[in-house]
Amino acid sequence: MSGRRGQEPSSSVATAPGKLYIAGEYAVVEHGHPAILIAVNRLLTARITEHDTSSAAAQPQTFGVDPVGRIHSAGHPEASVTWRRRAGRAVPDVEQPGAAFVLSVIHAVEELAQQQGRDLKIYDVNIESELDDASGRKYGLGSSAAVTVAMMKALTAFYGLELDPMQQYKLAFVSASRAQKVGSGGDLAASLFGGCIRFTAVDRQWVTNRLQDTALSDLITMPWPGLSIARLRAFGPSSSLCLMVGWTGNPASTPSLVGHVQQQSAAEHERLYQAFLSGSDACVDALAQALVADDEQGVIAHVREARKLLQTLSSFTGVTIETPALRALVEVAESHGAAAKSSGAGGGDCGIAIAGPNADKAEVTRGWQEKSIVPLDLSVHAPQVELAEWMGETSDFMAARFAGHFCQKAGTSRAAGNAGREVRTSRAAGNVGMEAPAGEITGIVDSLTADSFSGDVGRRMFGMNSRIAGASSNRKDDHVRLALAEHGDAQRNAFDDLAFIHHSLGSVDVNDVDMSTKVCGARWDMPFYINAMTGGSAKTGAINAAFARVAAETGMAMASGSQHAAIRDPGLEPTFTTIRKHDPSGFVFANVGLSVSVEQALHAVEMIGADALQIHVNAAQELVMPEGARDFETWPARIAAIVKASPVPVMVKEVGFGMSVRTVRQLAQLGVRTVDVSGKGGTDFARIENARRQGHEYGYMAGWGQSTALCLLGVLPDTCNTTNNDNGIRAAESDFGDTANNKARRGTNVTSSRADGTNDDGCSHAASADLHVDGAGSVGVVDSIENDVNHYGVEGVAVLASGGVRNPLDVVKALALGARAVGVSGHFLQVLNASGADGLVAEINGWKSQVRSLMALLGAKTVADLRRTDLLVTGKTAEEARLLGVDLSMLACRL
């Protein structure tokens with residue numbers, strides 16, 4: 001709507017600096033690969049002025065004539081145009097390609113404004129830029145990004161929209177991506193955040209897909225896969241390094257150059273392109289280390305390496321990146337002690353030089369002028385928004401790539417200080433390592449999501465062959481990246497439908513709490529563990545190594561991810577054997593699916609010296625996975641054969657879709673004595689596999705399956721009004737049936753022995769437990785952990801739980817519903833990614849203390865005691881449980 005008569009028209013003004021790439025400018029267009037950028041001290045200004053209908057100069061409000069807004073860009077008539085509102089949308093009177101970014105910002109911001117109930121206005125836009133020369137020719141300082149950011153900031157202020165910096169960035173990215181289909185968004189980040197940054201890009205296709213089914217207001221608040229923005233403290237007042245910029249006078253087209261490289265790489269040179277990406281990742285992070293450390297020789301070495309990588313890319317794609325003028329710029333700088341390279345797309349535009357105390361900056365400038373290269377009086381623009389600092393790698397195993405990959409080549413040492421630690425970002429509950437809430441430090445450092453362990457580095461760390469870059473390892477890396485994105489915040493799940501009844505006088509001494517439990521014949525000191533996640537690529541092997549070190553230090557059990565990749569390719573075995581290398585005496589699960597033979601399953605156990613074997617069942621994932629299995633008919637027979645042949649206990653687990661009581665009964669018939677119901681609520685592999693599909697046609701599969709809480713309710717005795725089935729495998733026989741749980745409640749002795757000689761923990765030895773009631777009326781267990789008998793709805797099957805476990809309270813709730821132990825995957829991966837191995841150790845130790853405290857609060861001296869606590873089930877979980885015949889009233893009053 002137009003301005004209001006009789007009132008002063010409103011206005012808003014915002015500025016945004018230009019940008020330059022220091023390194024990684026081609027690799028960064030592939031999501032997850034890092035680049036270093038700076039903002040420069042030349043600004044673009046956007047001014048919004050509401051259309052003044054009260055002025056005599058204003059256009060007449062004649063009937064049938066629409067109010068007209070104007071976009072004017074000084075010195076750029078191709079970007080100047082008038083516009084009117086048609087059906088609520090700003091529409092230019094004539095198509096002006098130069099105004100595309102401004103109009104795209106208008107459309108995006110006004111879409112958001114309408115979603116927030118704002119009235120739309122007519123206004124004029126004036127753009128003034130310092131990013132061009134006097135004739136209007138562009139220097140290549142990111143004018144498109146600067147106009148997008150300045151317009152976004154001015155227009156959101158004009159409409160009174162309050163956004164935090166990451167939301168502003170995402171809004172700018174959406175605007176720019178609608179105007180131009182190629183680009184990483186790194187230029188937008190530099191222009192918005194200022195200073196020097198390390199950046200990895202979002203998966204652009206993911207954003208495109210989300211725009212089809214997600215409101216813009218929701219999209220800019222959710223985590224974005226692969227997106228990472230962190231501060232590099234470089235080129236500051238105390239730095240000895242000086243940035244020099246020279247302009248060759250030949251503007252280059254970034255979209256056409258980058259697009260041609262992507263087309264060439266995909267069609268003809270995939271292997272070389274992947275090697276380039278791997279080399280770029282290592283080089284960028286090594287350069288970042290050197291910049292932060294103010295290491296002149298390190299910077300020189302890595303800038304030279306970055307240049308060589310671009311020359312290699314140019315040679316196999318046929319794209320001219322370093323023109324003769326840019327080559328002259330580099331040679332002049334090198335001859336006077338500086339390091340130099342092209343910046344951005346190359347093909348013209350600017351080159352940069354980084355000069356330390358030993359460089360002759362005056363001679364560099366003089367030499368450039370002699371070569372008709374224009375030295376630009378630029379410096380790094382001050383940081384505009386506070387960001388978490390990037391101070392090095394996530395954990396010490398990652399630091400090796402600096403010393404091993406490039407520093408040795410250059411004969412220089414790795415930058416000192418903070419090399420083995422990744423920056424810890426602000427953490428709100430459930431937001432570990434992802435975007436901080438408004439008002440806190442904004443920063444994401446997901447270096448584990450970059451493809452940084454392939455190529456030479458992966459072979460040096462794990463002794464792998466060239467097949468490391470194959471489809472399987474790429475799929476594993478995709479899983480990690482997408483899983484991290486899914487766990488960006490603590491979403492509500494079925495555990496929130498569970499609540500304990502608080503009894504004010506029912507608590508016990510914390511020091512009397514015994515958290516130990518027994519799984520697959522082994523006594524664990526704590527009832528939660530690191531569940532199956534990854535392996536099969538160099539990067540995920542490094543993650544496995546980190547988890548193994550954490551498990552060893554905390555005394556926690558750990559499950560390997562699927563070992564299929566190593567079974568198919570022995571060269572990948574080191575990504576799994578690293579678990580035993582770093583955790584030689586801990587409890588470790590091997591992990592296979594049902595596409596393997598019995599012999600291959602046994603080899604997986606032998607490969608890592610496993611104490612038990614997980615068999616994952618994942619039909620829903622396989623169906624959505626582009627390269628997944630389609631025949632599941634042989635799975636039951638395969639399970640039975642593996643169980644019979646295995647020298648170690650076997651546990652069958654779902655992968656986040658949930659396990660029904662019927663499935664548990666079938667598994668019991670097959671000889672399985674331990675299951676992990678692994679319900680939905682955490683990592684959604686249907687969603688992840690669909691994100692990997694080009695057409696994303698299985699979007700409706702997101703959320704498939706049963707929640708972990710519902711699965712546990714289904715197999716918990718005394719809650720289901722079910723009877724013996726035809727095969728003699730007993731579920732809870734009645735509300736007061738003679739189950740082990742009921743006997744425990746009455747204080748009677750309970751002994752479980754079966755013809756097969758196994759007890760309920762899946763091991764071949766007799767089981768017995770003596771239970772007693774003490775004077776206070778609570779139930780105690782003599783040797784309750786060593787010989788704990790069946791407390792579950794299917795006799796002889798021990799139940800573990802995983803899926804959507806976010807905190808210690810979720811662990812205790814799962815234990816109260818009968819789980820013997822609880823697996824955690826996504827949350828621990830997120831903490832490792834954000835805070836490194838030391839941070840995860842601290843997190844796990846904190847969970848130990850909190851689980852113990854919660855047990856004491858609930859009056860549970862043992863894990864078995866938790867199964868007698870009073871628990872309310874409400875919401876959707878209660879509705880679903882009742883439909884399955886679960887009597888929830890029994891849970892509300894179990895003592």
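1. A quick definition to start: a helix here is a DSSP run, H or I, of at least four residues, and helices are numbered from the N terminus. Keep in mind that this is a predicted model.

2. Helix α5 covers residues 204-213, and both R210 and D213 sit in it. Their side chains meet in a salt bridge, with 3.1 Å from N to O. Why is about one helical turn the separation between R210 and D213? Because the two are 3 residues apart in that helix.

3. Next, have a look at R492 and D497. Their side chains also form a salt bridge, this time at 2.8 Å, N to O. Is R492 buried or exposed? With a relative accessible area of 60%, R492 is exposed. D497, on the other hand, has 7% relative accessibility and counts as buried, because the cut-off for buried is under 20%.

4. Then there's R693, which pairs with E697 in a salt bridge whose closest N and O atoms are 2.8 Å apart. R693 is on the buried side of the cut-off at 15% relative accessibility, and E697 is partly exposed at 40%.

Definitions and conventions:
Residues are numbered from 1 along each chain as its sequence is written. This is a predicted model: local features need pLDDT of at least 70, side-chain atom pairs count only at pLDDT 80 or more; totals for chains, interfaces and linings use all residues. Side-chain values use heavy atoms; hydrogens and water are left out. A salt bridge is a side-chain nitrogen of Lys or Arg within 4 Å of a carboxyl oxygen of Asp or Glu. Buried means under 20% relative accessible area, exposed over 50%, partly exposed in between (1.4 Å probe, protein chains only).
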